[in-house]
Amino acid sequence: MECRTPGELEISSDSSSNVYLSWYPQCFPDAHLHSPQLSYFPHMPRNHVFNLESGGPKEMLTDAENKLIRSKWHDWYQADWDYGQTTLAFFCTGIAIMLLLQIVSKFRARSQRRSTSTGLPSGVDRIVAACRYAAARQFRVRKFDWYSPPLGVVVALCGILTFLMALLLSARPYYWPNDNMGDSPPIATRAGWMSIAVMPFMIIFATKVNWIGILAGTSHEKLQTYHRWTAFFMWITSLVHTFPYIINLTRMGMMQEEYETSSFYWTGIAALIPQTYLVGLSWGIFRNRYYEIFKKLHFIASGIFMAALFIHVDFTLTSWDYFWATLGLYSTSWLIRVLRTHYYSGIGLPAIVETLPDNMLKVSVQIPDRLKWTPGQNVFIRFLGLGPHFFSSHPFTVASIPTEDRRSLDLVLRSMRVFIDGPYGGLAFSLRDFDAVYLIAGGSGASFTVPLLLDLIQGYKAGMVCKRIVYIVAVKTTEGMAWMDGDLAVAQQALGDEILDVQIYVTDGDRDSNVGEEDANSKSVSEKEGASTHRLGRPDLPLMIFEACKVNNGRVAFAACGPDSLLYDVRNAVADRQLAIADGFGRCKDVYLHTESFGSVISPPTMTQF
C-alpha cells in the first residue's frame, strides 16, 4: 500500500507474520505526538509494533517488551479503563457506602422512636457511637489557631489519597525502557486518566444542589472540604502527568520542537497554570480574608481551566466522556437552583433589613406559602436594590420556624426586594425524638438554635419524646441577645422550668478568649432573671456535656453553632462520650451531634426571618 502524497507509507510482513511499517513524516507529521506509536492505527493487531518516527523499518521489540505494552495496567489503549474507570469506581463505592449508612441510620432512628428502652447500650449502639466518635473528634494546632476537619473527614481524605497514590505508583516501570515502546511514559498516561476521573467529583462537591450530598445525607457546605482536597489531589496527579513528558522529551532532545508543533503541550500548560492558581489561592489564609474577591476570580479561573483542559485531552479515547458527565451534573444542579429560586421568589420578595447589636443583620422576608423549610436550615439571599451587590448572594440562617403568623420589625434601615436561593442544610434527625436536647450557641450562632427551640415547643404540644431541654448561649453583652428575648420568653412560658433550662453567659470583660478553657461557674457572678440564669464568664462546655451524658440514660442530642473554638470544645467533649459508649462504659444509649460553623453558614453574622 502506497502513500501518493509527499512521502511514502508501506506495509509488509515477514514469514513470522511480523508487520513492518516504513513511512516518511511528511505523510503524517503529527502521528507520533503524545501517544505510543500504534495510537494512530488503532485497528492494527496489537502484537505488531511500529516505529513512526524513523524513516524506515524499526528494530523489533523484544518479546518481553512487546508483552509489557499489551499487559494490563500498561496498555495505552486500556489506560482509561484501568485507571480512569478504576478511580471512578472507587469514588462511586464510597458514595454508595455513605448512602447505605444513611439508610441504616434512618431505619435505626425510626425503630428507636418506637422503643422506650433505657438500658445499657447494645452492640449496635456501641458501633454507632464509634462511628459518631470519628465524625465528632477534631484536632487543633494552637500555635497557628488552626482547626482540623473532623476525624472521619480526615480518615476519608487520607483514604482517597492512599488509593490514588497506590494506583499511580504500584505498576512499574514509570518510563518505557525502550523509546520504541512509545512517547507516553506509563506514569504520565495513568496520572492523566486519574486526573480527569477525579474531576467530576471535585466539581460536584462544590455545588449547592449537591447530588453527592443528597445521596450521602449531608449538606453541601460540609462537602466543601472534599472539594478543596480532591482539587489538590487532582493537581498532584496533573503534575505527575506533566513532568514525565518534559523529562522524556528533554532527554530525547525534542522538547522545543514538540512545544512549537503540538497543541497537546501548550494546552496542557494553559490548563496547569489556572489549576495551580485555583489550588494555591483556595487555602483558608487567602479564601477567608478576601472571600468576595476570591469567589469571583475562582469562577473565572475555573472556566479557563476547564476550557483549556477540554482542548488539551482532544477527544483521546473516552476523555471527553468525563467532561460530558461533569457538564450534565453541574448544569442540572445549577438549573435546579435557578428554577427553584424564581419559583419561590418570582421577580423578588419584599424584605426589610434591621441592624442588631454585635454587627448582626436581620432580614425579614414576606414569603409565599409554597416555600417550606425546617429548623436549622439556611438560605442565600440576593439583594436586588444594592447595585453591583446584585451579582452576589449571601448566606443567612433562618431564625424562625414555619408558622401562620409573621414577625414585625422595629429598627428598619430600608426595604427592598430579594431573591431567595434555598433552603439548604438542616439536621439529619428530628430533635423531638431524643430524650434530652442541649442547644449550644455562641453569639449570632443563636440564630441557628432559636428556631430549633421553637420547633421543640411545637413538638412538646404534639406529645414529643423529649422531656428535657437545656438552652445555652454565650454573648458578649446583654444587648447581643435582645433580638431573642421574645422567643426565649415564649419558650419558657410554654415549657416551664421542669423541661427548659436557659443559661445565658455574658463574656464581655473576660480576659480569656478561648471558650471552655476555664470553669465559668466557679468564677462568675450568677443571677436569675425570670426563668433564665445569667452568668458572667464563659461556659465550661466539656464539663456540661460530661454531666449531661451522666444524668441521662436514654438518647441525648447536642446541636451547636458558633465560632471554631466553641465547636472544637463541643465536638471533642461529645466524641469522648461517644468513645465511652463504644467502650461499654457510657450511661446513655445514644449521643447525636450536629454542628454549624460561622465559616460555612454565617459569614458575616446574619440571619433572616420569614
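Is Trp-229 buried, partly exposed or exposed, and what is its relative accessible area? In this predicted model, Trp-229 is partly exposed, with a relative accessible area of 29%.

**Close-up 1. The ring of Trp-229 pairs edge-to-face with that of Trp-283.** The count of aromatic pairs in the model comes to 26. In the pair shown here, the ring centres of Trp-229 and Trp-283 are 5.6 Å apart and the planes stand at 85°, so the arrangement is edge-to-face, the cut-off for that class being over 60 degrees. Because Trp-229 belongs to helix H7 (residues 224–252) while Trp-283 lies in the loop between helix H9 (263–280) and helix H10 (284–287), the pair ties together parts that are 54 residues apart in sequence. Trp-283 is partly exposed, with a relative accessible area of 40%.

**Close-up 2. Phe-232 and Trp-235 form a tilted aromatic pair.** The distance from centre to centre is 5.9 Å, and the angle between the planes is 35°. Phe-232 and Trp-235 are 3 residues apart in helix H7, which means that about one helical turn separates them. Phe-232 is partly exposed, its relative accessible area being 21%.

**Close-up 3. Five named residues make up one aromatic cluster.** Trp-229, Phe-232, Phe-233, Trp-235 and Trp-283 form this cluster, which includes the edge-to-face pair of Trp-229 and Trp-283 and the tilted pair of Phe-232 and Trp-235.

**Close-up 4. Lysine side chains lie over the rings of Phe-429 and Phe-380.** Lys-106 is placed over the face of Phe-429, at 5.2 Å from the ring centre, and the charged end of Lys-208 sits over the ring of Phe-380, 4.6 Å from its centre.

How values were computed. Residues are numbered from 1 along each chain as its sequence is written. This is a predicted model: local features need pLDDT of at least 70, side-chain atom pairs count only at pLDDT 80 or more; totals for chains, interfaces and linings use all residues. Side-chain values use heavy atoms; hydrogens and water are left out. Rings of Phe, Tyr and Trp (its six-membered ring) pair if their centres lie within 6.5 Å; planes under 30 degrees apart count as stacked, over 60 as edge-to-face and the rest as tilted. Helices (H or I, at least four residues) and strands (E, at least two) are DSSP runs, numbered from the N terminus. Buried means under 20% relative accessible area, exposed over 50%, partly exposed in between (1.4 Å probe, protein chains only). A charge sits over a ring if NZ of Lys or CZ of Arg is within 6 Å of the ring centre and within 35 degrees of the ring normal.
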